[in-house]
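Welcome, and thanks for taking a look at this one. Please load the entry below, and then we can walk through it topic by topic.

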Amino acid sequence: MIYSDNEKSQIRYARLAGFMYLFVDLAYASGVMIANRFEVPGNFTETAHGIMRSELLYRIGLTSVFIGALSTVFLAMGLYVTVKPIDKNLALLALLFRLVEATMFGLLSLFSFVVLKVFIGSDYTNALGSSQPSVLVNLCTAVYSDGFLVAGLFFLMGSILFFYLFLKSTYLPKALSAFGLFGSLLVTITNFADLLLPQYHKILHLGILPLGVAEITVGLWLLIKGVDLRSRENGTKDSVAAQSMK
Amino acid sequence: MTSIEKSQIRYARLAGFMYLFLIAVYLLGVMITSRFEVPGNIAETTHRVMEHELLFRFGLALGSLNALCAVLLAVSLYVAVRVIDKNLALLALAFELVYAAAGAAANLIDYAFLKQQMDAYSSGILDAKQLTSLADLHSFLDAAAMNIVCILYGAGSILFFYLFLKAKAIPRILAALGLFGSVLVPLTGFAGLILPHPSKLLQLGWLPIFAAEVSVGLWLLFKGINLRSRRDETLS
């Protein structure tokens, strides 16, 4: 099979997108896992002591989340170039949604550094007393977690569009694209529900599982198998043949 | 010369001007705001700011102007290098747009803290210790924001200088210096985020990109970009 330069570039970017799906998920997951390890629920002092003991590790966790946000730009670009031939305008719209997502997640990571500063700054306890710094931490954590949900909506709009274009294209097995689309729609619903009914956060958070599985599977598929351009080519030939028959 | 090439050269000259303009605006903003600082004395700093609030706000507004003009720089660089590799140029543009948005949002933090600090000082609602904590939090947040936006800026800059180097659109030594300087920027930013007590020597990491941007800015403004080598490559 001989590919044109554009097709070769499309395949390269699809592999980049596959790698970045895995990398972004890994960066977010490891960052959140590291940061959560330090959390002692309801005990500000104990959490602060834990962070002070291993500040470098905590900072690596926060930076890892930021790297996830930064890498989203590479992921979005890889997906954009891959699906652009299907529908240029929808692909651009999806790219823009994901760029807004990257900006918002990048800014949100600032709040996590504010929380760090309050935890490690003993001057806050001197200046604000022993209980008030925890109020500041709670406020920043609330901004951070609600911000995650709002920024997540931009991510989901982009994700829905990219999976829709994959479904339309036959670049990926249909089942995989449909699963990704279903996962993205499900998280959109659970994200909105989480904003409205925060008391059910733990249950609603499970809604991310199908999309997580879909992203890892699609990531591996794109990285190892790339995209199937032949079926698109055949599809184009079929439609041209059908038109000439008419 | 085709109309596309003419427009490419025009945008390259605009990019050269914007490089120099942005550096001037940034330095002027920092010079103005740092004049108000009295190290270790937040009450005196706030007092000075309140005395010349307009000038201080002008310094902050230059930060907003910087973010705004970063979009113009990004688009002009994009048009100048788009013909070399459309996708990489778009990726670089995407990074620079995210940088501009994040930079503008980080600038908002300065306005918010200014208001909070002046209110707290004039009403006496916070004592000296609390006021110092607030200022301390502000400078910490400012440093983290600076590191984050610089990482984003560096990512776009790496790609633009790589494209200049690939196409031989400007002298290779300038493009290589720009590329080297751009790689140092995110490294400095990450070190600032990760290390609990970053060394002051890290600031030296900005020097190569500063030198590269001034020289490339002047080159693009006066000499434009070299389209011949690109044309020869296409013909061969």
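Among contacts in chain A between residues at least 6 apart in sequence, what percentage join residues at least 24 apart? The share is 79%. Please keep in mind that this is a predicted model, with an ipTM of 0.71 and a pTM of 0.80 given by the predictor for the complex.

**Confidence**

- Chain B has a mean pLDDT of 88, and 97% of its residues reach 70 or more.
- Within chain B, helix 7 of chain B has the highest mean pLDDT of its elements, at 95, while helix 8 of chain B (residues 228-235) has the lowest, at 63.

**Chain A at a glance**

- Chain A has 10 helices and zero strands.
- Of its 246 residues, 41% count as buried.
- Leu75(A) sits in helix 3 of chain A.
- Why is Leu75(A) classed as buried? Leu75(A) has 26 other C-beta atoms within 10 Å, and the cut-off for a buried residue is 20 or more.
- Setting aside residues up to four places away in sequence, Leu75(A) touches Ala17(A), Met20(A), Tyr21(A) and Val24(A).
- Leu75(A) and Leu95(A) are 20 residues apart along the chain, and their C-alpha atoms are separated by 9.4 Å.

**The nonpolar core**

- The largest nonpolar core has 121 residues.
- Those with the most contacts inside this core are Val73(A), Leu110(A), Ala15(B), Val98(B) and Leu152(B).
- Beyond its neighbours within four places in sequence, Val73(A) is in contact with Leu99(A) and Ala102(A) in chain A, and with Ala94(B), Phe95(B) and Val98(B) in chain B.
- As general background, nonpolar side chains tend to be buried together in soluble globular proteins.

**Where the chains touch**

- The contact between the chains takes 28 residues from chain A and 27 residues from chain B.
- On the side of chain B that touches chain A, the elements giving two or more residues are helix 4 (86-123), helix 5 and helix 6 of chain B.
- Helix 5 of chain B supplies the largest share of that side, with 13 residues.
- By class, the side of chain B that touches chain A has 22 nonpolar, three polar and two charged residues.

**Helix 6 of chain B**

- Helix 6 of chain B (residues 172-194) has 23 residues and reaches 33 Å from its first C-alpha to its last, close to the 33 Å expected at 1.5 Å a residue.
- Its buried residues include Leu174(B), Gly178(B), Ser182(B), Val185(B), Pro186(B) and Gly189(B).
- In an α-helix, residues three or four places apart point the same way, because there are 3.6 residues a turn.
- What do the buried residues of helix 6 of chain B pack against? Their partners are helix 3 (55-83) of chain A, together with helix 5 (128-167) and helix 7 (207-223) of chain B.

**Pro208(B) in helix 7**

- Pro208(B) lies in helix 7 of chain B.
- Pro208(B) counts as partly exposed because it has 18 C-beta neighbours inside 10 Å.
- Leaving aside its neighbours within four places in sequence, Pro208(B) is in contact with Leu177(B), Phe180(B), Gly181(B) and Leu184(B).
- Pro208(B) and Ser139(B), 69 residues apart in sequence, are 25 Å apart in space from C-alpha to C-alpha.

Technical notes:
Residues are numbered from 1 along each chain as its sequence is written. Chains are lettered from A and ligands numbered from 1 in the order in which they are written. This is a predicted model: local features need pLDDT of at least 70, side-chain atom pairs count only at pLDDT 80 or more; totals for chains, interfaces and linings use all residues. Helices (H or I, at least four residues) and strands (E, at least two) are DSSP runs, numbered from the N terminus. The expected span of a helix is 1.5 Å times one less than its number of residues. A residue is buried if 20 or more other C-beta atoms lie within 10 Å of its own, exposed if 12 or fewer, and partly exposed in between; C-beta atoms are placed from the backbone. Two residues are in contact if their C-beta atoms, placed from the backbone, lie within 7 Å. A nonpolar core is a set of buried Ala, Val, Leu, Ile, Met, Phe, Trp, Tyr and Cys residues joined through C-beta atoms within 7 Å. Ala, Val, Leu, Ile, Met, Phe, Trp, Tyr, Cys and Pro count as nonpolar, Asp, Glu, Lys and Arg as charged, and the others, Gly among them, as polar. pLDDT is the predictor's confidence in each residue, from 0 to 100.
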